[in-house]
There are 2 protein chains.
Amino acid sequence: MKELNKYLKEIKPVDKNVAQEVQKRLDNQTKPLGSLGRLEELTRIMAMVQGTPEPAYEKKVIFTLAGDHGVVEEGVSAYPQSVTAQMVLNFVNGGAAVNVLARHAGADVVVVDMGVAEDIPGKGFINRKIDYGTKNFTKGPAMTREQAEKAICTGIELALDHDFDILATGDMGIGNTTPSSAIAALVTGLEVEQITGRGTGIDDEGLKKKIAAIKRGIEVNKPDPKDAIDILYKVGGYEIGGIAGLIIGSAIKRKLAVVDGFISTAGAIIASLLHPEIKDYYVLSHLSAENGHDKISEYLGKKPILDLNLRLGEGTGAALAMEIIDAAMHLYYEMATFDQAGVDKKIE
Amino acid sequence: MKELNKYLKEIKPVDKNVAQEVQKRLDNQTKPLGSLGRLEELTRIMAMVQGTPEPAYEKKVIFTLAGDHGVVEEGVSAYPQSVTAQMVLNFVNGGAAVNVLARHAGADVVVVDMGVAEDIPGKGFINRKIDYGTKNFTKGPAMTREQAEKAICTGIELALDHDFDILATGDMGIGNTTPSSAIAALVTGLEVEQITGRGTGIDDEGLKKKIAAIKRGIEVNKPDPKDAIDILYKVGGYEIGGIAGLIIGSAIKRKLAVVDGFISTAGAIIASLLHPEIKDYYVLSHLSAENGHDKISEYLGKKPILDLNLRLGEGTGAALAMEIIDAAMHLYYEMATFDQAGVDKKIE
């Protein structure tokens, strides 16, 4: 924990003063005041996070973190566990959805094995395997407290070791909506049923099993809802801890983190619990189709940028939101002012 | 009307059968079934509109149509009428928001003077001026019936004369939320107050004047809510008629029209009233921040793709939505299948 605490001390508040200067510039551009809505908001956020009215935005990296989950034994997923490792190879080969969308957004994809249940052959990904999948949390903690801290620190170090102007989180892990719902239920105080969905597509029977498994996991382990590490080690996952770390690392670097969907939001919950300033360093990219993501977003005080009924993960929603942020930055840097264009201003 | 009727006869239904073939292909790609949500829906729409499981998507054109409105005499806008012509020059010079977003989306911008109140010097735009602005519709019809038909036919011809795989509509015209609200009120049957907003940013006093002007316009002219041309000539605008024509022209060419915000939606209402099949040929790009756009979208049975609190027009929301559609098409053409990637399928 000493190492994590050291990292957390490096987080400074965002520079809220810079927002005014940015808005003044936006208000001089040839459009009705405030008419670019959330694009203007995203521009202010980019500037506040970086602490400058001239934020950089070109270098984009999506981190897709993979991990397996012992709780799949309970029949909580529609796909076999083998898919996690297979999809890592798909990412490496550029054939997955996140690869396509990253190319579209001009972003790099960094694939990381945080805790896949098997050894993955070949290159093209980073091996930071903490263990061969988590344990089944209906029978005890998913990992040790040390492993949870290591997962977060690994995420922080991944962010610190890479160069970017904007970071996106992503996940791959069969069964990982189950720990995500458990984390969300503990921290938000919402009922498990309100924030548990069908993940990759389980039927009614599977959904019942999933809800029961989450409740049993909470009952058996009794995590302290105020203690992020306690929650993460008892009912979390390695990739979720890694995502929390990515967001913290991004905040240390004063760069915006674009949080993908349901699983990444669970990572954001953990990160937010660890440091009060974290919430200003990330945006939610999209409203997931997964049941309850709207309620969790509301709890975090965040309105997702997109609402496209996605429920894929990997960083796909974050990749799309990065394009919207990129568009906002282009507007900020390229639009003409009223004076430049010889356009009359508002009637006073 | 003879010419317009001739055009309308060229519209065929979309090919709904092709959707199944597209979905089958999407379902073979390495992702949980249906997990790309609206991106999959947009892919099916592109295919149905073009009548092929291999729709083209690369060539993108945004038409930004400009026109002035006599009703500005009633104090319905926060900006002087001079801004319409000035903004046309800003479009030509590439400094407006739509230019930036078009470059970002890889789209061309075609600027058209449909009825600006003054002569615009220089080149770089298409002159199809039908008149020097509409008349003040609180005192009689905004234009003649012939001019309304001409506006629509001009839009159709603009679409037919250009080469594109996907078209976006856009508008510029000080005061043009006023006729748009009038059109929407007539066709949807909603109260004027429910679907009239602050446009470019009028105050409470201005909003009262605007609502009164719309009500007077409807009272004085008594448009037939079932007759699109009657509505357009009595309380419409040249650019709104042109936008209706663009959507019709796009349908004739079997290409998708991406409808921008509040004013373009008024054009879509007119187009939809003229032909029952039109509704399958367009999507609403974004939910405008303008009051009542949600209700109008619901009336049209369309869920806008984006919700970014925009209220600028020009084609800005449509440009952003084009990027989402482009991303959907890239996924469709580039993602690996389960077989190609060696990924296991769902547990049956």
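In this predicted model, the side chains of A:Glu73 and A:Lys139 form a salt bridge, with an N to O distance of 3.5 Å. The two residues belong to distant parts of the chain, being 66 residues apart. A:Glu73 is located in the loop between β1 (60–67) and α4 of chain A, whereas A:Lys139 is located in the loop between β3 (126–127) and α6 (145–161) of chain A. Over all chains, the whole structure holds 36 salt bridges.

Salt bridges also occur between the two chains, where four were counted between chain A and chain B. In one such pair, A:Lys303 is joined to B:Asp307, and the closest N and O atoms are 3.8 Å apart. On the side of chain A that touches chain B, two or more residues are given by each of α3 (37–50), α4 (82–93), α5 (97–105), α13 (316–334) and α14 (338–341) of chain A. The largest share of this side is that of α13(A), with eight residues. Sorted by class, the side of chain A that touches chain B comprises 28 nonpolar, 15 polar and 13 charged residues.

The extent of the interface was computed both as residues and as area. Chain A brings 56 residues to the contact, and chain B brings 56 residues. About 4,700 Å² is buried between chain A and chain B, and carbon and sulfur atoms account for 63% of this area. Of the area that chain A buries against chain B, 12% is supplied by A:Tyr79, A:His104 and A:Leu308, more than by any other three residues.

A:His104 was examined individually. This residue is part of helix α5 of chain A. The side chain of A:His104 is in polar contact with the side chain of B:Asp326, at 2.5 Å. When neighbours within four places in sequence are set aside, the residues in contact with A:His104 are A:Glu323 from its own chain, together with B:Glu323, B:Asp326, B:Ala327 and B:His330 from chain B.

The largest pocket has a volume of about 360 Å³, and its lining consists of 20 residues. Nearest the centre of the pocket lie A:Leu287, A:Lys303, A:Asp307, B:Lys303 and B:Asp307. Two of these residues, A:Lys303 and B:Asp307, are the partners in the salt bridge of 3.8 Å described above. At least two lining residues are supplied by each of two helices, α12 (293–299) of chain A and α12 (293–300) of chain B. The largest share of the lining, three residues, is that of α12(B). By class, the lining of the largest pocket contains 10 charged, eight nonpolar and two polar residues.

How values were computed
Residues numbered from 1 in each chain as written. Chains lettered and ligands numbered in written order. Predicted model: local features only at pLDDT ≥ 70, side-chain atom pairs only at ≥ 80, totals over all residues. Heavy atoms only, no water. 1 Å grid on protein atoms, 1.4 Å probe; cavity = no way out; pocket = protein on both sides within 12 Å on 5 of 7 lines; lining within 4 Å. Points joined across faces, edges and corners; volume = space filled by probe spheres on them. Helix = DSSP H or I, 4+ residues; strand = E, 2+ residues; numbered from the N terminus. Nonpolar A, V, L, I, M, F, W, Y, C, P; charged D, E, K, R; others polar. Contact = heavy atoms within 4.5 Å. Buried area = accessible area lost by both parts, 1.4 Å probe. Polar contact = N/O pair within 3.5 Å; in protein donor to acceptor, adjacent residues only side chain to side chain.
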